[in-house]
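Here are my notes on this one, going from the overall picture down to a few single residues. Have a look at the model first, then read on.

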Amino acid sequence: MKLTDISPAIALTPLDGRYHAQTADLVEYLSEPALNRERMRVEVEWMILLANGFEANGNQPIVEGVKPFTEAEIAFLRAIPEDFGAEGIAAHAAHEAVTHHDVKAVEYYIDDQLDKAPETLGADTQLPNIKTLVHFACTSEDINNLSTARCVKDAMERVWLPNFEAIIDHLAAKAEEYQDKAMLSLTHGQPATPTTLGKELAVYVYRLNRQLKHLKAQEYLGKINGATGTFGAHLAALPNVDWVAVSREFVTNRMGLTWNPLTTQIESHDWQAELYSTVAHANRIMHNLCVDVWMYISRGVFAQVPVKGATGSSTMPHKVNPIRFENAEANFEFSCSLLDTLAATLVESRWQRDLTDSTTQRNIGSALGYSLLALNNLMGGLKSIHPNDIVIARELDENWEVLGEPIQTAMRACELKGLPGMEKPYEKVKELMRGHEISQKDVESFIDSLAFDEETAAYLKALTPATYTGVAGQLVAFDR
């Protein structure tokens, strides 16, 4: 038996199969039915503007021969996309099976609904007689670019960004909680100047907040200007209408987008390239976070909370694996590969139009879906870890050589003040500490062997790896 014969819900990709629960929120905005529903919204709002006008034209019909829609007719039109469900999806698919054109199928679907208007509005309604107003003077890309922009805008603002901000907020809270928790740094994998756990988390908060700022300022552009962006058909039909003003009104005030006045047949997609590049950048920062946390777990700095009943290894019962971070890594990588392709492909089009953007944009849902899945895994992972105080303290206590930096720097300052015996400070400290096991006693003896002034000697001898963190704790305040 074929798997597809068992259930249509058996999916080819994991986003709609294994991980459906984590990515389902995007279906409302980035699935094929969601796109068709948005196309219907664009079509009916265009009809309403053409029939009822706008403030600049005195709210008079833009197209001659059409009476202004009544409130009941407007409500009926706006209900067409809102009521687009399983039956509507099937009806649209039936039209597309004949037309082989998804937008034309939307037009015919709306025509079908207009035929039903008298059942709701009575025999006097004009709706069945104005089918020619559907898709008036439009090219498919007029409808598509606006629909796609609105779908992506809603997906970002209602789904992806809230999940992204939740990660930032969680990290910020932990950065504040652990702002003074000293820990050993490793540069090039070797013990280095101590920091605090909070400050290291705050580094990621700061990085991610910069990307959040870009994403919140993102423009979503749209156009409605005909087959090659010239309003040619508009003027041929109604030469006395200010179609540029109508276009600006529709895109800006009716669609809630930024109006693009200069395009070919397609909206140029530069805003999409900007958006996907920024999301990919955020993905990569979070990928870096996943790798760092994974290594902290491996080092024992973070401990994981075991999930009751969960299995870490099919053969090693003791294992608690950092699978959330590993899953997040992989899905951030998949997302970036798609986002990079979208950003690179969408900014190019042959002359006034080719179809590469159409099939490319059908992968927007996958690109953001893999990122959303990664965000879900990252949050789950972050909530399942806590600092291992014993390991953190042990690492610090085993690496007194990290105090070589403050000692040699203090020696430099004292040499500049004219104190004797402070020449070649770096070399003297290096000779003592590099490649040797150093204890607290060794550090104190070395300090006593030098002619430090009393205040400097006392300060240096009071330092421990756990207290040598500079102003790390204070820097956390800059993460926002």
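Predicted model: local features only at pLDDT ≥ 70, side-chain atom pairs only at ≥ 80, totals over all residues.

1. Let's start with the fold inventory: the protein chain carries 22 helices and six strands. Residues are numbered from 1 along each chain as its sequence is written, and side-chain values use heavy atoms, with hydrogens and water left out.

2. On overall dimensions, the radius of gyration of the protein chain is 32 Å, whereas a compact globule of 480 residues would come out near 23 Å. That radius is taken over C-alpha atoms, and the globule rule is 2.2 Å times the number of residues to the power 0.38. Along the principal axes, the C-alpha atoms fill a box of roughly 105 × 60 × 40 Å.

3. Now packing. Of the 480 residues in the protein chain, 48% are buried (buried is under 20% relative accessible area, exposed over 50%, partly exposed in between, with a 1.4 Å probe and protein chains only). Taking contacts with a separation of 6 or more, 77% are between residues 24 or more positions apart; a contact means heavy atoms within 4.5 Å.

4. F231, in the loop between β3 (221-222) and α11 (232-237), has a phi near 60 degrees. K424, in the loop between α18 (404-416) and α19 (425-433), has a positive phi of about 50 degrees and is not a glycine either. Most residues other than glycine have a negative phi.

5. What does N399 touch, leaving aside residues up to four places away in sequence? Its partners are L184, P191 and P465. N399 sits in the loop between α17 (389-397) and α18, and its 10% relative accessibility makes it buried.

6. Finally, V471 belongs to the loop between α21 (454-462) and α22 (472-475) and is partly exposed, because its relative accessible area is 45%. Together with L475 and F478, V471 forms a nonpolar surface patch of about 300 Å² accessible area.

Conventions: Patch = residues over 30% accessible without salt bridge, like charges linked within 9 Å, V, L, I, M, F, W, Y side chains within 5 Å. Areas by Shrake-Rupley, 256 points an atom, 1.4 Å probe, with all protein chains shown as cover. Salt bridge = Lys/Arg side-chain N within 4 Å of Asp/Glu carboxyl O. Helix = DSSP H or I, 4+ residues; strand = E, 2+ residues; numbered from the N terminus.
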